[in-house]
Structure formats: C-alpha cells, structure tokens
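Me: I'm new to this one. Can you walk me through a few spots?

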Amino acid sequence: MLNWAEIDTVLLDMDGTLLDLHYDNYFWMQHLPRRWAEISGISLSSAEAQLKAEYVELNGKLNWYCIDYWAKRLQLPINQLKREVMHKIAMRADVPDFLTALKHSGRQIVLVTNAHPDSLSLKIERTELAHYIDTRISTHEFGVTKENQALWQQLQQRLDFNPKRTLFVDDSLPILKAAQDYGIRHLLAVANPDSQQLAREITEFPAVTDYAVLLNDIRAYRKPRF
C-alpha cells in the first residue's frame, strides 16, 4: 500500500484520522443546534436549517473551523458548549499502536489540523496525543486551511520536508487532493473517520479502516531520528 522506505516525514490530520470524528459530528450537527435553540429561543428546526446552510457555505474555509467566528456569529460560548460533551472525545482504537510504531521508526511526525487552537488544546487535554506527537500545528497559525495551496507552501517552509518523501494521512478527500496537487507523493485516506457511521468506499487514494495493516511495514523500514 505504501513504500515506507521512501517516507521520512509523516503529516497527520487529527479529527477523523487520529481521533474519532463522532465527537465533532455530534457537536456540530446535534449539540450546537439544540443548545442554540435553547439559549436563543428559536425553534430547533430553524437552528438546524440555518446551521446546515452555513456549514455548506463555509465548507473548506477557515471560518468553518473557527471557534471565534461561531462564538460571534451565534453569540454563544462555543468553548463552553464543546466542553459539555467532551466526554465523547476519543482516540481511534487503532491509533496508539500506529503512533507508537511511527515514533519508534525514527520518522518526523507532525499533526496538522484545521481545528482552531482552542479545539486542539481541548483534544490534547482529553487524549494522549501529546505523548506520541511533539509537533502539533493548527492551520489557523497560517490563516489558511489545508484545502489551500498557500497552506502547503507555508507548511513546507516551516517544516522543511521533502514532498516526494512525505506521507500525508487525512479523512477528507478534497484535502488529500490539495496535498496531491502540491506534490505530496504518499497519500493515505481514512475510510471510517466516525465510529458511528459505516466505512466509505474510497477509490481515489489508498485507504484504510484499521492502521494495524501498516504496522509491520512501518517497523520494517526504520529511519534515523531527526
């Protein structure tokens, strides 16, 4: 599936790739509409309809991922609301072994997420990600998302990686396509980002539903530590 002998750097998405996307789907599609309706006094159906329309309009843009934008737009304490259901934040079951193998393999491992820094901090607080990954980047630092070529240019400048010897793992097909357009040679999709939903059939990129299938090859091709 992947030629690990040609991979020095591994860039990893967070939500849906390392963490179960169920938390985010539940928050944005169920919890936030319900709490907005309760706090503002509008109907639940109206809250759901308005939010779904805005989600479509903002898809792939920085504001879609921006807690500050939604707090101002809805006049709600988004960070507080996210904590109300933070018990749902969880690593994928196959991630600890995957990250352990990567860490021991000597490769440069970087988490690159579109999540707002506050969301990233909450998930670091609630999981063991910090134990496995030293370098964690929110694209909000650059002012553009992974869907944008400008992000990849700035990211390469920051990390000094070789695109031809880099693996990028994400559950978003448009983001994987953006990485491919930039020249990232090794790409991997996650077909089952939400544990409460069925796995998707993905043909555009190599895809996994369980990182266990990669472990032997990762261990077989180790690199000197950077």
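Predicted model: local features only at pLDDT ≥ 70, side-chain atom pairs only at ≥ 80, totals over all residues.

Me: Where is aspartate 94 found?

Reply: In the loop between H5 and helix H6 (95–105).

Me: Which residues is aspartate 94 in contact with, leaving aside neighbours within four places in sequence?

Reply: Thr209, Asp210 and Tyr211.

Me: OK, new topic. What order do the strands of the sheet have?

Reply: The order is S3-S2-S1-S4-S5-S6. The sheet is open, has six strands and pairs in parallel.

Me: Which strands are at the edge?

Reply: S3 and strand S6 (207–208). Each of them pairs on one side only.

Me: How many bridges join S5 to S6?

Reply: Two bridges join strand S5 (residues 186–190) to S6.

Me: Which strands does H9 lie across?

Reply: Strand S1 (9–12), S2, S3 and S4. H9 runs at about 155 degrees to S3. H7 lies across strand S2 (108–113) and S3, at about 145 degrees to S3.

Me: Now H4. Which of its residues are buried?

Reply: Ile67, Trp70 and Leu74, in a helix that spans residues 67–74. They cover an arc of only 65 degrees around the axis, so they sit on the same side of H4.

Me: What do the buried residues of H4 pack against?

Reply: Five helices are listed here: helix H1 (22–40), helix H2 (44–58), helix H3 (62–65), helix H5 (78–84) and helix H7 (117–126).

Me: And what follows H4?

Reply: Glutamine 75, with a positive phi near 55 degrees.

Me: Last one. Where is the place of glutamate 141?

Reply: In the loop between strand S3 (135–138) and helix H9 (149–159). Glutamate 141 counts as partly exposed, at 45% relative accessibility.

Me: Which residues does glutamate 141 touch, not counting those up to four places away in sequence?

Reply: Arg136 and Arg158. Arginine 35 is another matter: its C-alpha atom and that of glutamate 141 are separated by 29 Å.

Key:
Residues numbered from 1 in each chain as written. Heavy atoms only, no water. Helix = DSSP H or I, 4+ residues; strand = E, 2+ residues; numbered from the N terminus. Buried < 20%, exposed > 50% of the residue type's maximum accessible area, 1.4 Å probe, protein only. Contact = heavy atoms within 4.5 Å. Arc of directions from axis to C-beta. Pairing = 2+ DSSP bridges. Axes fitted to C-alpha atoms, helices over the stretch in contact; angles between N-to-C directions.
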